[in-house]
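Please consult the sequence and the structure alongside the text.

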Amino acid sequence: MTIGFIGLGIMGKPMAANLMKAGYRLVVHDVARDRLREALANGAELGTSPADVAARSELMITMLPNSPHVREVALGAHGIVEGARRGAILIDMSSIAPATSREVAAVLAAKGVEMLDAPVSGGEPKAVDGTLAIMVGGKPEVFDQVKDLLLKMGSSAVLCGGIGSGNVTKLANQIIVALNIAAMSEALVLATKVGVKPETVFNAIKGGLAGSTVLNAKAPMVLDGNFRPGFRIELHIKDLQNAIDTAREAGVPIPLTSQVMEMMQALKQDGKAGQDHSGLVQFYEKLAGVQARR
Ligand code: NAD
């Protein structure tokens, strides 16, 4: 089977590489041509536009930054919709607004093209290892057709409901991660200010109820003052904005998410948008006048 892969950035490049390792033929496309160098060297073919990619594949995968990029690649000029064959499938693995997934799927459906939204969790290391957690929305029969293929890129692929449900689940994930980082930051800065070493606090509590995957991954980065991404603050701002927009539309207040969004916006104004999201601790450190380091 030939797969069209559009968007070979930090995540897309290793995901495409894993599909090629599994024996699939790939037609690849990215607006930044240099992102394609490795895939082309490994035998992928160049697609000149999303329409060209779609015309040459049975199944397409997109891994793009956000909703406007997915809308443009799928529905814009020379978009997937212009080239796709009836019966083809688009799997959009970008983290975008659920409403955009539904909108794009509806236009494609009118052309006989199926769509799944299938955002991922795990970041670049898991994209490289092929162990991403994949959250899927769409029809069960379409999911069944592509589940084995998804498991070449991830260690789990869970169907969460109809189209858009993958991105709803991803938003839930991003809310929980952001609020965990904020709670950790608030606690470690307070402890530091009142005289207990943050490393001692981390070691004492990590095995108890406050322990978490987020704490284990992010507290050491805070203690080392190492905010190399990882997952950039600007990407988390994008995800929280999608969560806030979705909540507004649904009439559900999400006050804690909105507060953490403001902290991230403050860090962006401070020139820290490119840092790892564990850099959120610096918001508290600036206010308290201490640093929660080893
Ligand atoms: P990235 O910016 O590195 O990659 C996106 C790629 O899309 C780039 O190569 C860019 O040139 C390409 N692109 C943009 N517009 C395009 C267009 N119109 N046509 C063709 N190509 C286009 O981003 P990433 O880190 O790979 O993230 C991709 C998605 O995965 C995002 O939605 C992100 O939130 C999500 N995600 C990222 C991580 C992570 O740790 N980086 C983890 C989980 C989920």
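In this predicted model, an oxygen atom of the ligand is placed 2.7 Å from an N or O atom in the side chain of arginine 35. Such a pair is a polar contact, that is, two N or O atoms within 3.5 Å; within protein, one must be able to donate a hydrogen and the other to accept it, and residues adjacent in sequence count only if both atoms are side-chain atoms.

| Residue | Part of the residue | Distance to a ligand oxygen atom |
|---|---|---|
| Arginine 35 | side-chain N or O atom | 2.7 Å |
| Serine 95 | backbone N or O atom | 3.0 Å |
| Lysine 238 | side-chain N or O atom | 2.7 Å |

On its own, the ligand has 840 Å² of accessible area, of which the protein covers 91%. Accessible areas come from the Shrake-Rupley method with a 1.4 Å probe; for residues, only the protein chains shown count as cover. Two elements, α4 (67–75) and α12 (233–250), each give two or more residues to the shell around the ligand, and α4 gives the most, with three residues. Helices (H or I, at least four residues) are DSSP runs, numbered from the N terminus.

In total, 25 residues surround the ligand, and the closest are Met11, Asp30, Arg35, Pro65 and Lys238. By type, the shell holds 13 nonpolar, seven polar and five charged residues. In this division Ala, Val, Leu, Ile, Met, Phe, Trp, Tyr, Cys and Pro are nonpolar, Asp, Glu, Lys and Arg are charged, and the others, Gly among them, are polar. Because domain 1 (2–162) and domain 2 (168–288) both give residues to this shell, the ligand lies between them. The domain bounds come from an automatic or database domain assignment.

The structure also holds 13 salt bridges. A salt bridge is a side-chain nitrogen of Lys or Arg within 4 Å of a carboxyl oxygen of Asp or Glu. One of them joins lysine 238 to aspartate 239, with N and O 3.0 Å apart. Lysine 238 is buried, at 13% relative accessible area, and aspartate 239 is buried as well, at 2%. Buried means under 20% relative accessible area, exposed over 50%, and partly exposed in between (1.4 Å probe, protein chains only).

A further salt bridge pairs glutamate 38 with lysine 13, whose closest N and O atoms are 3.1 Å apart. This pair links distant parts of the chain, since glutamate 38 belongs to helix α2 (residues 37–41) and lysine 13 to helix α1 (residues 12–21), 25 residues apart. Glutamate 38 is partly exposed, with a relative accessible area of 43%, and lysine 13 is partly exposed at 33%.

Local features of the backbone complete the account. Proline 229 and glycine 230 are joined by a cis peptide bond, with omega about 15°; glycine 230 is in the loop between α11 (213–224) and α12. Histidine 78, although not a glycine, has a positive phi of about 55°.

Residues are numbered from 1 along each chain as its sequence is written. Local features need pLDDT of at least 70, side-chain atom pairs count only at pLDDT 80 or more, totals for chains, interfaces and linings use all residues, and side-chain values use heavy atoms, with hydrogens and water left out.

How values were computed
A residue is near a molecule or strand if one of its heavy atoms lies within 4 Å of it.
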